[in-house]
Amino acid sequence: MTVIDNNSEDTGGMRCWLPRENGTDDQEAASLQNLDCLCLGTGRFLRSVLVPALNSFSHSVLVQTRGRSFLEYMATQDGDDNGTFPVDTVLPSGEIKTDRYRCYGAFSWGRVEDKAAFYDVSRKTSGPSVIGVGVTEAGLASSETQAMKDLYDFLEYYQDMWEERSLWKPALTPHKKLCVIDMDNIPQNGDVLARHMNSLAQDNARMLRFLADKVVFLNTMVDRITSHREGDPMVPKAEPVPAKALVILDSEGDLPVAFHKMKESHGVVVRSTRAELEIDLALKLRVANGTHTALAHILALTKRTMTDALTVDGVAGPLLLAYLDALVETQILAAGGASGLEPHATAALEVWQDWRSRLTHPYFGLSSFFITQNGAAKGGIRLGPTVLDLVTRSQTTQPLNVAMAFAWACLLRWLTPDRRRNSEDEKSSRSSLTEQMTFTNAKGVYTGWLQGSELNNTEDATTTYADGLRYNLSQDWYEFRCSCKVSVDSKTHLQKPLSDVLGDLVYSGPRQPVAYHGIVRSYLLATDGGNLNAIADKRVMNDLVAAVSTLYARMIVGDDILSILKEIGDNDGAFIDGFATACTSMADVSCLSQGCPLAFRRSPVPNHSRLMLLSIYKDTIDTVVTSEVASAIAIDLHTHLLPPSHGPLCLWGIDELLTYVCVAVGDPLLIRKYPETFFHTFSLFLRSII
C-alpha cells in the first residue's frame with residue numbers, strides 16, 4: 001500500500017509520494033534511510049535502464065523536475081504492486097514480459113511547495129551516493145538550460161549539507177564521493193556536465209572546491225530502444241536488454257563496486273580507461289546511431305512511422321536493409337579502418353550484426369518520427385566522424401559514395417519547411433507571406449510535407465510524436481524543430497536558421513541541383529550541423545556537396561524517395577556501382593569553366609526525373625547543357641575494321657575499301673587544298689592492301 005504525504009484524497013494537493021514500509025504508518029521515517037541513490041528525471045528510458053541496475057544494490061528515489069505525472073502515477077500503484085512501477089520487455093517471440101521495479105520515493109520540482117517537500121525530506125537523510133541524470137540533448141546544450149540549473153541547485157544544496165553541517169555522508173562509494181551518471185548519448189557527457197556545473201559556480205569558490213573534491217561526473221554510453229505501452233505512456237516498453245545497455249568510465253574506481261557485477265544481469269559494463277570508452281562510443285555512434293539517423297528520415301518522410309517497417313514492410317524493408325548494409329560496409333566500417341579502429345574491425349562488425357538484429361525485431365520498433373529530433377546536429381555527431389576519417393585518412397581518391405550522400409540528402413529534405421503547408425491549427429495564425437516572414441510558428445516549430453501516397457491513411461488523425469511536435473499522415477504534414485544556423489554571407493559572417501534558408505529556396509519552386517550547392521555546403525560545414533569544416537578545402541568535399549545537392553533536388557521536386565533508392569540498388573543510370581557509386585558520378589556540375597575536357601558520363605539526373613520538366617534559368621543553363629551533352633552517346637563506326645561476324649557492316653574487297661576511303665576519308669575540300677599530301681597518303685594505303 002502506498003501512502004500520500006498530505007491530508008487530502010485529491011492527488012493535486014500531494015507534495016510527495018513515499019511507500020509504506022513493513023506496515024508502519026510512519027512512511028517518512030521508514031524511507032529516509034533509503035535515500036542513497038537519486039534520479040533527476042523520471043523518463044521511460046531512465047526507468048528501464050538505470051533504475052533496475054540501481055535497485056539491485058540500493059534504493060532509488062525519483063525526482064520529476066517538471067510536472068507531477070510520475071508522482072501522481074505512483075500514487076495509483078497500490079495493493080499487491082506495493083509501490084512498484086512496471087517495465088514491459090518485448091521478446092523476439094512477440095511475448096511481452098513485464099517486470100516491476102521498486103520506487104522508494106517520488107518527488108516533483110514542478111511547484112515551489114513540491115520542491116520544498118523534497119528538501120524537507122532529504123535534509124533528514126545522509127544523502128545519495130549516486131545521482132542519475134535523465135536529460136535530453138537539448139538539456140545539455142549549455143549551462144543556461146533549466147535542466148542544468150536544476151542539477152546545479154541540487155548539488156549546491158548538498159554542498160551546503162557537507163560543508164556547513166557535515167550531514168552528507170555517501171555510504172556506497174569507495175572514496176565517499178558523489179557519482180553523477182548521465183543517461184544521454186552526447187559524447188563525453190560527464191565532461192560536459194562538469195563544464196556546465198563549473199561555469200555556473202564560477203563566482204562561488206566553495207562550490208568549485210566541492211565539485212572538484214566531492215563530485216565525480218562519469219562519462220557514459222547508453223543504449224536500449226525504449227517506447228511505451230500502447231495506451232499507457234507512463235509504462236516503458238523496451239527491447240530485450242542489450243549487451244551494452246550502460247557503459248560507464250570509472251578510471252579512478254569511484255563507483256559502488258556492485259556496478260562491476262551487472263554485465264550479465266543488466267547490461268552494465270564498467271571501463272577503466274578513456275580509450276576503451278571512446279572505442280565503445282565510436283562504434284555505437286557510427287554504426288548504431290549513424291544507421292538509425294539515416295534510416296529514420298527515410299521512414300518518416302515516406303509515412304512509415306515505426307522502425308519495424310524493416311521487417312513487416314515487404315516492399316520497403318528489403319530495400320532499406322540493403323541500403324543500410326551498404327552504408328555500413330562501404331562507409332562506416334571502411335572509415336573505422338582508416339581512423340585507427342582497424343584492430344577493432346571484428347568488434348565493429350559484431351556491433352552492426354547485433355544492431356541489425358535489434359532493428360529487425362519483428363514485434364518491436366521505435367517511432368521513426370521520434371528519432372528525427374535534433375536531426376541537424378545528429379548528422380554531424382553520427383555521420384560526420386565517418387566522413388572526416390574517410391576523407392582525411394583513406395588512401396583512395398574517391399572515398400565518399402552515394403550511400404553517404406543519400407543519408408545527408410534525406411536529412412536536409414526533412415529539415416525543409418513549406419510555407420504553403422501549415423499544420424491544422426496554425427493556418428489562421430499566419431500572416432501574409434513576406435520576404436522577412438519566418439517559417440516557424442510562435443513556438444519555433446516548422447511544418448514540412450510527407451511523401452508516400454501508397455500509404456495514405458484515410459483516418460484524419462493528428463499524432464503527437466514528441467514534446468510539442470505532431471504529424472498527420474492523411475494531410476501529409478509533420479512538425480519539426482531546427483536550431484542549426486548556417487552562414488549565408490562569407491564576408492559579413494551573417495547567419496540564418498538552416499530551415500528558413502531551405503524554405504526560401506523551395507518556396508519559389510523546385511530548382512536544378514546546382515542551385516542548392518551553397519546551402520548544402522553551409523550546412524555540412526556548420527558547427528551545429530555537419531561539422532565538416534576540417535575538410536572544407538578538399539576536392540572530395542565539392543563532390544559530396546554536388547552529390548547531396550543532386551539527390552536533394554530530386555527529392556524536393558517530387559521524385560519518390562524509395563524509387564531513387566531502388567535506382568541506386570539496381571545500378572540504374574549513373575549509379576554504376578550501386579550504393580558504392582562514387583559521389584563524383586552524382587555531381588551535376590559544369591567543368592568547362594575549370595578547363596576540363598568534355599568527356600562522356602552518365603547523367604546524374606535520369607530522363608524520368610521531374611527535374612527534366614523544370615524551366616532552365618540563366619544561372620543553371622551552363623550546368624544543364626554540359627550535363628546533357630556529356631551524357632549523349634556518340635558512336636564513331638569504322639566499318640572497315642569490323643569482322644565478318646557483323647554481316648553487311650563488314651566492308652570487304654578493293655571496291656568497298658576504295659569507296660570508304662574516297663567518300664568517308666577523302667574530304668573534297670581537303671583534296672583540293674592539299675592534293676599532293678592526300679594522294680601520297682592514299683598511295684601508301686593502296687600498297688598496304690594489295
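Predicted model: local features only at pLDDT ≥ 70, side-chain atom pairs only at ≥ 80, totals over all residues.
Local features need pLDDT of at least 70 and side-chain atom pairs count only at pLDDT 80 or more, while totals for chains, interfaces and linings use all residues. Residues are numbered from 1 along each chain as its sequence is written, and side-chain values use heavy atoms, with hydrogens and water left out.

Helix H15 (residues 402-414) and helix H18 (residues 539-557) pack at an angle of about 50°, their axes lying 8 Å apart; helices are DSSP runs of H or I with at least four residues, and strands are runs of E with at least two, numbered from the N terminus. Axes are lines fitted to C-alpha atoms, for helices over the stretch in contact, and angles run from 0 to 180 degrees between N-to-C directions. H15 and H18 are therefore oblique to each other, a term for angles that are not under 35 degrees (roughly parallel), over 145 (roughly antiparallel) or 65 to 115 (roughly perpendicular). Among the residues of H15 that meet H18 are Phe 406, Trp 408 and Arg 413, and those of H18 include Leu 544, Tyr 552 and Met 555, where contact means heavy atoms within 4.5 Å.

An open sheet of 4 strands has mixed pairing and the order S6-S5-S13-S12, two strands being paired if DSSP finds at least two bridges between them. Strand S6 (96-102) and strand S12 (226-229) stand at the edges with a single partner strand each, so one side of each is left without a neighbour in the sheet. From one strand to the next, the twist averages 40°. S12 pairs with strand S13 (residues 232-238) in the antiparallel sense over 4 bridges, and His 228 stands opposite Pro 236 in S13.
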